Amino acid sequence: MKTRTKKRTGAMLLALMFTLLAGCGSGNNGNTVANSGNATNAPEASAAADTAASTKNVTLTMMVSGTKAPDGQDFALDIMPKLVKEKFPNVTLETSKLPDEQYFTSIRTKLASGQGPDIFWVFPRNASLGVLDMAKAGYAADLSDLTFWDKISQGAKDDMSYEGKPYGIAGGLDYLGVYYNQELFKQAGITEMPQDWNSFLEACQKLKDAGITPISLADKDPWFLQFGMYQIAANVVYPDEMDFDSKLQAGEKSLTDPKWVDTISKMKELYDKGYVVKNSLGLGSAQAAQLFVDGKAGMIFDGTWDYATLTAKGAADFTRGFFSLPANEAGQPTYVSAATAAGFALNAKSENLDIAKEVMDYLFDGQSDLFKAWTESNNSISVYSGVPLNHDLFKEVNDSYLNNGKSVYFPNQMWPTGVAEEMEAKFAEIIGGRKTTPEKVTEAMDAKFKELWKN
């Protein structure tokens, strides 16, 4: 979830908004097997698969970010290598999966040294390891000749494109939201779901009064802060100024804007009132998730991509729910925080680029066993046509996204890499008890933006 690139006009930001909405008809990770009748390109992809990949013994390498599936086999580590070998007997796919921050460091080093994997995980637009940077640096290959683009939503394709050409294949569409424990809500006497910021704070207080930790957050992993912050910003910064970031890029706005100060202040309020788990700076993402699945916290802020982790069996058996964080004022609608998900890129310098493309065509042919395994294991909302929503947990937020059209992308997709990191570092000072104010956080963010943003 991060961003950088050249200056954009307001029109480009509006284009981003419209294309993202255009891409909402599918899904990403949590979806069922697609209707094979929609896969009009499958025969061509299947025929192509018997060319280069069948002529020589090849080892392809793939590196992605994330955590291993908690139950059963992991798609990237276990399922994909097996099914690729079945389809292409002469191709061995060696895969690795690293935690996000470790992945960011490792993949940058490998790509810069010319030792990058054949297939790697890339993020939308200006996000850290965003497709714009990867394409401009010559690391990501042009994927225009893949056969399935008419099955991918235009918004998702655009978010993974540079100068009109696709350089990445989106894993889907992701929502940020609040996973919650329905039994703990009932135990605390929360009878109605919060619809605005004040009612959300009231729900937190009821949990606290009942002796329940309201929110588990993993502040030891700095990027975790974004999961709450961007949901708040979606309802504070953007509803009346959707082109805020294009104005920021044009020098017409500043991240010291009162709306961003209000966003930081609302996040701070959760800590000030004791609604966030104690010693959150000592908790990593796995520990924070475990507190939630063990029934020791009422809520956790996270994304659709962590469905498997946050619905895994823990020490407590309870029913999960998922809603958008209502940082809006009373009487105003709640905006969904939604953005195109990370996905696959191919190394432009790979000696086996043609074969890697064949594997991608097979993965996204709409009917293969590999495609079915992908859609079944993927927790994001699919952006491939014909694939229905896989997890009912996300239905309410997904319906809101589809029907109301009120959503905001993750802000860092329009910032240079380093701005979100500055936000995380300065906010950590607040959590740690230092005399840092929301105003100082936004000043640091704005200074970093101006330092990094290039014409």
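A residue is called buried when its relative accessible area is under 20%, exposed when that area is over 50%, and partly exposed in between (1.4 Å probe, protein chains only). By this rule, Lys165 is partly exposed, because its relative accessibility is 41%. The structure is a predicted model, in which local features need pLDDT of at least 70, side-chain atom pairs count only at pLDDT 80 or more, and totals for chains, interfaces and linings use all residues. Residues are numbered from 1 along each chain as its sequence is written, and side-chain values use heavy atoms, with hydrogens and water left out.

Helices (H or I, at least four residues) and strands (E, at least two) are DSSP runs, numbered from the N terminus. Two strands count as paired if DSSP finds at least two bridges between them. Over eight bridges, β2 pairs in the parallel sense with β3 (residues 91–98), and Leu60 has Leu93 of β3 as its bridge partner. On the way from β2 to β3 the chain passes through helix α3 (residues 75–87), making a right-handed β-α-β crossover. Right-handed here means that, with the strands pointing away from the viewer, the path from the first strand over the helix to the second runs clockwise. Strand β2 also pairs in the parallel sense with β4 (residues 119–122), over two bridges, and there Met62 stands opposite Ile119.

Ile119 turns up again in the contacts of Met360, where contact means heavy atoms within 4.5 Å. Not counting residues up to four places away in sequence, Met360 touches Met80, Ile119, Leu146, Phe148, Ile169, Phe344 and Leu346. A nonpolar core is a set of buried Ala, Val, Leu, Ile, Met, Phe, Trp, Tyr and Cys residues joined through side-chain atoms within 4.5 Å. The largest such core has 144 residues, and among these Trp260 and Met360 touch the most other members.

Charged side chains come next. Side chains of opposite charge can pair when their charged atoms come close. A salt bridge is a side-chain nitrogen of Lys or Arg within 4 Å of a carboxyl oxygen of Asp or Glu, and the whole structure holds 21 of them. One joins Asp74 to Lys97, at 2.9 Å from N to O. This pair links distant parts of the chain, 23 residues apart, with Asp74 in the loop between β2 and α3 and Lys97 in strand β3. Asp74 is buried, at 2% relative accessible area, while Lys97 is partly exposed at 23%.

Another salt bridge, at 4.0 Å from N to O, brings together Asp142 and Lys165. Asp142 lies in the loop between α5 (131–136) and α6 (154–159) and Lys165 in strand β6 (residues 165–166), so the pair ties together parts 23 residues apart in sequence. Asp243 and Lys247 also form a salt bridge, their closest N and O atoms being 3.6 Å apart. Salt bridges with shared partners join Asp240, Glu241, Asp243, Lys247, Lys253, Asp257 and Lys259 into one network.

Asp221, in the loop between β9 (213–216) and α9 (226–236), is buried yet has no salt bridge. The nearest side chain of opposite charge belongs to Lys220, 6.9 Å away; Lys and Arg count as positive and Asp and Glu as negative, while His and the chain ends are not counted. Leaving aside neighbours within four places in sequence, Asp221 is in contact with Leu283, Gly284 and Ser285.
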